[in-house]
Amino acid sequence: MINAAIITSTLETVSERCGDPKGRIFARLYALDAKFEPLFVMDTDGGVRGSMLETSLNCMIGVAEGKSETPRLLIEAARMIHDGYGLTPAEVDLMFVAMRDVFREIMADDWTADVDAEWTALLDELATIGAAA
Ligand code: HEM
């Protein structure tokens, strides 16, 4: 059981301290695997990346809260759709890893062991969703 209040509290602190972490999150994603950056060459205005980040964030919150099946279905669909961009189902999780890494940096000393445990539990859970697809 994930403590959704800790997850949403991290997200609130992050948005107070860093209005738009999008640039940092994608920089982190490309650092995790250089093959990702060229995939967005057609996304000249950043719109696709913005909408992808928003979907990913909503999926994180939705899975943490556990109130609806929709975020799970979206993640399953993302694993299949991204096959078309040459990503394995497991590579799709790197978006969540990049987000967590940047949130951890922004939180700095406020990223306590308790916060870390909840984010680890959330990423573990996200990784199980549709993983066999
Ligand atoms: C390593 C991780 C990921 C990479 C490299 C990646 C890459 C991409 C690319 C290249 C596109 C299409 C761009 C285009 O049509 O020009 C895309 C679209 C999309 N991705 Fe991802 N993706 C990743 C993870 C995720 C995750 C975790 C989610 C959500 C759970 C997600 C949701 C979406 C959605 C909803 C779109 C369609 C956006 C739109 O057209 O408005 N992606 N992704």
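**Exercise 1.** Find which residues of H6 are buried, taking buried as under 20% relative accessible area and exposed as over 50%, with partly exposed in between (1.4 Å probe, protein chains only).

*Solution.* Start with the list: Val115, Glu118, Trp119, Leu122, Leu123 and Leu126 of H6 are buried. Next, look down the axis of H6: these residues fall within an arc of 130° (taken from the directions from the helix axis to the C-beta atoms), so they line one face of the helix. Then turn to the face pointing away from the buried side, where Ala113, Asp114 and Thr128 are exposed. Finally, check the partners: the buried residues of H6 pack against helices H1 (4-17), H3 (47-65), H4 (70-81) and H5 (93-107), with contact meaning heavy atoms within 4.5 Å. Helices here are DSSP runs (H or I, at least four residues), numbered from the N terminus.

A word on the model: it is predicted, so local features need pLDDT of at least 70 and side-chain atom pairs pLDDT 80 or more, while totals for chains, interfaces and linings use all residues. Residues are numbered from 1 along each chain as its sequence is written, and side-chain values use heavy atoms, without hydrogens and water.

**Exercise 2.** Classify the ring pair of Phe103 and Trp119.

*Solution.* Begin with burial: Phe103 has a relative accessible area of 3% and Trp119 one of 0%, so both are buried. Now take the geometry: the ring centres lie 5.6 Å apart and the planes meet at 65°, so the pair is edge-to-face. The rule is that rings of Phe, Tyr and Trp (its six-membered ring) pair if their centres lie within 6.5 Å, with planes under 30 degrees apart stacked, over 60 edge-to-face and the rest tilted.

Notes: Helices (H or I, at least four residues) and strands (E, at least two) are DSSP runs, numbered from the N terminus.
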